[in-house]
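Dear colleague,

Please find below the structure that I am handing over to you.

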Amino acid sequence: MKRNPKRPIWLADDGLTVEVIDQRQLPHKLEILQLTTVDQVIEAIVEMVVRGAPLIGVTGAYGIMLAAATAADKAALKTEAARIKAARPTAVNLAWAVEQTLSAALQHPQGARQVAAAREEAGRIAEQEAENCRLIGLHGARLIQQVSRAKEGAAVNILTHCNAGWLACIEYGTATAPIYVAHQQGIKVHVWVDETRPLNQGARLTAWELGRQKVAHTLIVDNAGGHLMQHGMVDMVIVGTDRTTAAGDVANKIGTYLKALAAHDNHVPFYVALPSSTFDWQLQDGLSRIPIEERDPDEVRFVQGLAGGRIEKVLVSPQDCPAANFAFDVTPARLVTGLITERGICRPDAAEIAGLFPDKADRAS
Ligand code: MRU
């Protein structure tokens, strides 16, 4: 089957090999990795070969398919599911997609039918995520159109953090989807790309995506956003999220909260784009309840880049400098202007979110 070049994950023709873009190598090298075991799936998620909330969800779902192919019985399959879910704690998509796929697989006796059921469910989730991102693009583009009209066609300056593009999702992206739609409609857009230390998903991935789509963009250091907002150089912020509570608190890549504070102080609208799989319907208070992943401090001490034609890591701090690596932070709902979802745009409060998603909110205990 011909692969879609704007998808970061697909199934090989054998139906049992999961192929992914190795995002650690971008933008310098486009390398495809094959995942054929649960351990490889877990490693790919932990090491961020694949990353971004919707994508780790779909990768985990395919992990259940691989687990079903080897697990001795249903108990063993459940144990594998628990291992996959533990690979990264903050993005709720992972646990959600693994649970969905596990429950589809468990409807069948162990064997080929169980594997087929998991494959089908993982594929269904992937297609649904792609479609949801397409719809997010259409809804979010309306916001960009409004700003463009108010500026009489002058470029709309959008700031984004981390990578919430097609690399992080299955297609289109969340935060980038409205930008791509507006760009295709001929609206002038310009994106301020936060580099997003420590792993530089903005500099490496968002800049790469936008460049390939020919969307005007400028890379900035993480601390530049406040200055740009004070000088009227940002019309709106659009970011993605790894987990948003039923009351609208938003967990996203570390540094998002500081952007929201600066946006609030400067009356810059701050939007969060997300598919329904990123809502945690069980949680209200994000600050105390969303688990924040802490990663290897070496990711802070070192930076990776191209040196002499090879991808190298270099030490930027003193050798044994103590470092802390909190991967996410929580932006309280009060700092968020709106949530852009596949069903439309709402304010980040429990009643409005439940109004858009009565079917999901009803099921929350
Ligand atoms: O650590 P990462 O790269 O997985 O973090 C990703 C983000 O923070 C994204 O903004 C988030 O997953 C939304 S992606 C649509």
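Met-48 is buried, with a relative accessible area of 6%; buried here means under 20% relative accessible area, exposed over 50%, and partly exposed in between, with a 1.4 Å probe and protein chains only. This residue sits in the loop between α1 (38-46) and α2 (53-70), where helices (H or I, at least four residues) and strands (E, at least two) are DSSP runs numbered from the N terminus. The phi of Met-48 is near 65°, a positive value in a residue other than glycine. Most residues other than glycine have a negative phi, and most peptide bonds are trans.

Please note that this is a predicted model, in which local features need pLDDT of at least 70 and side-chain atom pairs count only at pLDDT 80 or more, while totals for chains, interfaces and linings use all residues. Residues are numbered from 1 along each chain as its sequence is written, and side-chain values use heavy atoms, with hydrogens and water left out.

Further backbone features

Cys-162 also has a positive phi, near 65°. Cys-162 belongs to the loop between β4 and α6 and is buried, at a relative accessible area of 8%. Just after α7, Lys-214 takes a positive phi of about 60°. One joins Leu-26 and Pro-27, with omega about 5°, and Pro-27 lies in the loop between β2 (18-21) and β3 (32-35). The other runs from Arg-197 to Pro-198, with omega near 10°; Pro-198 is found in the loop between β5 and α7.

Strand β5 (residues 189-194), helix α7 (residues 201-212) and strand β6 form a right-handed β-α-β unit. Right-handed means that, with the strands pointing away from the viewer, the path from the first strand over the helix to the second runs clockwise. β5 and β6 (residues 216-220) run parallel and are joined by 5 bridges; two strands are taken to pair if DSSP finds at least two bridges between them. Within this pairing, Val-191 has His-217 of β6 as its bridge partner.

Helix α7 has 12 residues and reaches 16 Å from its first C-alpha to its last, close to the 16 Å expected at 1.5 Å a residue; the expected span is 1.5 Å times one less than the number of residues. Of its 12 residues, 9 are buried, so α7 is largely enclosed by the rest of the structure. Among the buried residues are Gln-201, Arg-204, Trp-208 and Glu-209. The buried residues of α7 pack against β4 (156-160), α6 (176-184), β5, β6 and β9 (250-253), contact being defined as heavy atoms within 4.5 Å.

The ligand surroundings

Of the 19 residues around the ligand, Arg-88, Gln-201, Asp-242, Asn-252 and Lys-253 come nearest; a residue counts as near if one of its heavy atoms lies within 4 Å. A side-chain N or O atom of Gln-201 is 2.8 Å from an oxygen atom of the ligand. For Arg-88, a polar side-chain atom lies 2.8 Å from a ligand oxygen. Ala-53 contributes a backbone N or O atom, 2.9 Å from an oxygen atom of the ligand.

His-161 lies in the loop between β4 and α6 and counts as buried, at 2% relative accessibility. A polar contact of 2.7 Å joins its side chain to that of Asp-194. A polar contact is a pair of N or O atoms within 3.5 Å; within protein, one must be able to donate a hydrogen and the other to accept it, and residues adjacent in sequence count only if both atoms are side-chain atoms. The side chain of His-161 also reaches the backbone oxygen of Ile-254 at 2.8 Å.

Arg-301 is placed in helix α11 (residues 298-301) and counts as buried at 15% relative accessibility. Its side chain makes a polar contact of 2.9 Å with that of Asp-298.

The open sheet

An open sheet of 4 strands has the order β11-β8-β9-β14, with mixed pairing. β11 (279-280) and β14 (328-331) stand at the edges, each with a single partner strand, so one side of each is left without a neighbour in the sheet. Strand β8 (residues 243-245) pairs with β11 in the parallel sense over 2 bridges, and Thr-245 has Asp-280 as its bridge partner in β11.

Yours sincerely
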